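Please look over the sequence and the structure before reading on.

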Amino acid sequence: MEESPVVQLYGFWPSPYVYRVIWALKLKGIEYEYIEENLPTKSPSLLQYNPVHKKVPVLVHGGKPVAESMVILEYIEETWPDQRNPLLPSDPYERATARFWIDFGQRKRLAVFAFFRSSEEDKEKTAAQVLEALKIIEDRALGDKKFFGGNRIGLVDLSFGWLAHWFGAMQETVGVQVLEPNNLPRLHRWTMDFKQEPVIKENLPDSKALLAHFKRLRERFTLTKEI
Ligand SMILES: N[C@@H](CCC(=O)N[C@@H](CS)C(=O)NCC(=O)O)C(=O)O
């Protein structure tokens, strides 16, 4: 039997983008080698594999690199389609709808970054903008379903995974709570259900280390007024 090509993942421990890929690989039961990058001094391999963006995650499959977390997830789904968990629905319309919400989430990243980097004066205003986006996600994408795709975790859930773990640390760092049961009951319940799934629960960065990381980052933004 031919050996299957080696799968490698270049990552960075606090990155929610990297975790999307880890979850997808684990859900599919794909063996891989994880390579931790030190982002301030990126390795020659990372620069070679992702010369355009120079970012993690990068998945290398049989020596060929794939960059951008959501592109990687689609690659994983297409390359290993028949294993334990389909990540996208088979119906083309439902697939298009899933991709619409993934795209919506990506577009709202700027609002979340603005919230994370906001000054004391701006933080309530930026929090209101994030709340508005999350309400749309709750009402129109999640509704009363357990997960975005129905009863099982799919690509949309993985794309929103940062909300379930990283956003809590961001809110604590900024000192404003947005994603709370009284504001967003269904989305809040989804964060709990998502984190209860074994593959997710067993693959999350340490909460304390993440909080310390975000505190350092926010301090840096405040000091440098970097935007
Ligand atoms: N759109 C990219 C974002 C990846 C990204 O921002 N990665 C960060 C780590 S969280 C990174 O590698 N930053 C290095 C840099 O910007 O120099 C994706 O979805 O993969």
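A residue is called buried if 20 or more other C-beta atoms lie within 10 Å of its own, exposed if 12 or fewer do, and partly exposed in between, with C-beta atoms placed from the backbone. By this criterion, 31% of the 227 residues in the protein are buried. The model is predicted: local features need pLDDT of at least 70, side-chain atom pairs count only at pLDDT 80 or more, and totals for chains, interfaces and linings use all residues. Residue numbers start from 1 along each chain as its sequence is written.

**Overall form**

- The protein has twelve helices and four strands; these are DSSP runs numbered from the N terminus, helices being H or I of at least four residues and strands E of at least two.
- Its radius of gyration, taken over C-alpha atoms, is 18 Å, close to the 17 Å from the globule rule (2.2 Å times the number of residues to the power 0.38), so the protein is as compact as a globular protein of 227 residues.
- Along the principal axes, the C-alpha atoms fill a box of roughly 60 × 45 × 30 Å.

**Strand pairing**

- Two strands pair if DSSP finds at least two bridges between them.
- Strand E1 (residues 7–11) pairs with strand E3 (residues 58–61) in the antiparallel sense over four bridges, and valine 7 stands opposite histidine 61 in E3.
- E3 and strand E4 (residues 64–67) run antiparallel, joined by four bridges; leucine 59 has valine 66 in E4 as its bridge partner.
- The hairpin of E3 and E4 has two residues between the strands, and glycine 62 there takes a positive phi near 60 degrees.
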